[in-house]
Amino acid sequence: MADVSELERQARELLRPEVYEYYAGGSGGEVTLRANPEAWHQIRFLPRVLRDVSAVRTSVRLAPPLNLELRTPVAVAPTAYHRLAHPDGEAATAAGAARAGALFVLSSRSSRRLEDVAAVVADAAGSWWFQVYMMQERELTAGLVRRAAAAGAQALVLTADTPVVGRQALVPGGGVISDRDYEDNLGPLDDLSRARIVPASLADIGWLGEISGGLPVVVKGVLRADDAAACLAAGAAAVIVSNHGGRQLDQALPTALAFPAVQAAAAGRPVLVDGGVRSPENVLAGLALGAPLVFVGRPVLWALACGGANGVRALLEGLTEGLAHVMALAGAPSVAALPGLGTVAGPGTAPAG
Ligand SMILES: Cc1cc2nc3c(=O)[nH]c(=O)nc-3n(C[C@H](O)[C@H](O)[C@H](O)COP(=O)(O)O)c2cc1C
């Protein structure tokens, strides 16, 4: 089983120091960055006993409109600029994910052309979603979304927690990222401000559905019950509980602790989660709270830096094998048997299930 902290240590040795800092860091005092992984340890399990767990299945099915069949509920969160970690960039990450049977979410800030990434996923019969930032020039966003739909993206992920960028990568006069890093995908830009990230709105959920010819829209970055209800009422197919891996508002609630209230407001619609997931027990915790998919961000970048596509595949397969083991310990032969087996530990917390 892949040890994520060891992987991070190895990646740190391989990456340029400023790239490592860009990937690893959080915003503000990095309170949320540290709190995300710690919060998963506050989820406690109520394992079932005397169940037949001789054949544990990690496969997962999401009903229409998401309509996905995956070998694992461990999914790859959208992260920017994979060519900083590996020369093949997002094409390597996507290949690794597809071979592991995992969902890959491609960032709007991809450093490879989305059509090249889509071809790699199709070759391995994988599944991918496309993440959307609303950009200053709306037609740039629309162009990317139409291309993603034409290339076979199965859903759009609208990132909602970036009204302004919390952690600036494009530092004028020499940041880690150069214009070229996303011009490969976006096309050459005479003026970089055309691609500046601007706030999204509830109305954009419907707009994205329309311009993509009907792709389901998943809203990422939700931490509150009322926001989840509003997104779903506006037509979202699902929400992702996320605080952007501690890179937006510092001191935002860790995702493991935000999850239960969001899920209660979602009236049975899928609520997915990311942030600080580092081990099979963390994945189990997300699933036991009721998420059908649990995303990993930084660990995938470490795996990509250390081993390219094979590294990403090994990480995801390692987490999935570890998950099968802890599912057996929890008395759950399938992912569908997990919701209700986890509860947030704390004074006065009633056990679930
Ligand atoms: C280097 C880096 C780049 C990211 N880029 C994006 C992005 O382009 N779009 C987006 O929606 N989220 C982005 N995120 C946030 C991730 O999708 C995800 O929410 C977060 O990384 C999950 O936390 P984890 O890294 O602790 O697993 C980025 C995160 C990191 C670390």
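This report walks through some aromatic contacts, a helix and a group of strands in a predicted model.

## Aromatic rings and their neighbours

Let's start with the rings. With ring centres required to lie within 6.5 Å, the count of aromatic pairs is four. In one of them, the centres of the Y22 and Y23 rings are 5.7 Å apart and the planes meet at 45°, so this pair is tilted. Y22 and Y23 are both buried. Ring pairs also tie Y20, Y22, Y23, Y81 and W302 together as a cluster.

R247 lies over the face of Y22, 5.0 Å from the ring centre. Elsewhere, R138 has its charged end over the ring of W207, at 4.1 Å from the centre.

## Helix α5

Next, have a look at helix α5, which spans residues 114–123. Its buried residues are L114, V117, A118 and V121. Viewed down the axis of α5, these buried residues fall within an arc of 100°, so they line one face of the helix. Just after α5 comes A125, with a positive phi of about 50°.

## Strands around β7

Strand β7 covers residues 156–159. Its side chains point two ways: L156 and L158 to one side, V157 and T159 to the other, and all are buried.

β7 has a parallel partner in β6 (residues 128–132), joined to it by three bridges. Here F130 has L156 as its bridge partner. Together with helix α6 (residues 138–151), β6 and β7 make a right-handed β-α-β unit.

β7 also pairs with β8 (residues 217–222), again in the parallel sense, over four bridges. In this pairing, L158 stands opposite V219.

Definitions and conventions
Residues numbered from 1 in each chain as written. Predicted model: local features only at pLDDT ≥ 70, side-chain atom pairs only at ≥ 80, totals over all residues. Heavy atoms only, no water. Phe/Tyr/Trp six-rings, centres within 6.5 Å; stacked < 30°, edge-to-face > 60°. Buried < 20%, exposed > 50% of the residue type's maximum accessible area, 1.4 Å probe, protein only. Lys NZ or Arg CZ within 6 Å of the ring centre and 35° of its normal. Helix = DSSP H or I, 4+ residues; strand = E, 2+ residues; numbered from the N terminus. Arc of directions from axis to C-beta. Pairing = 2+ DSSP bridges. Right-handed = clockwise from strand over helix to strand, strands pointing away.
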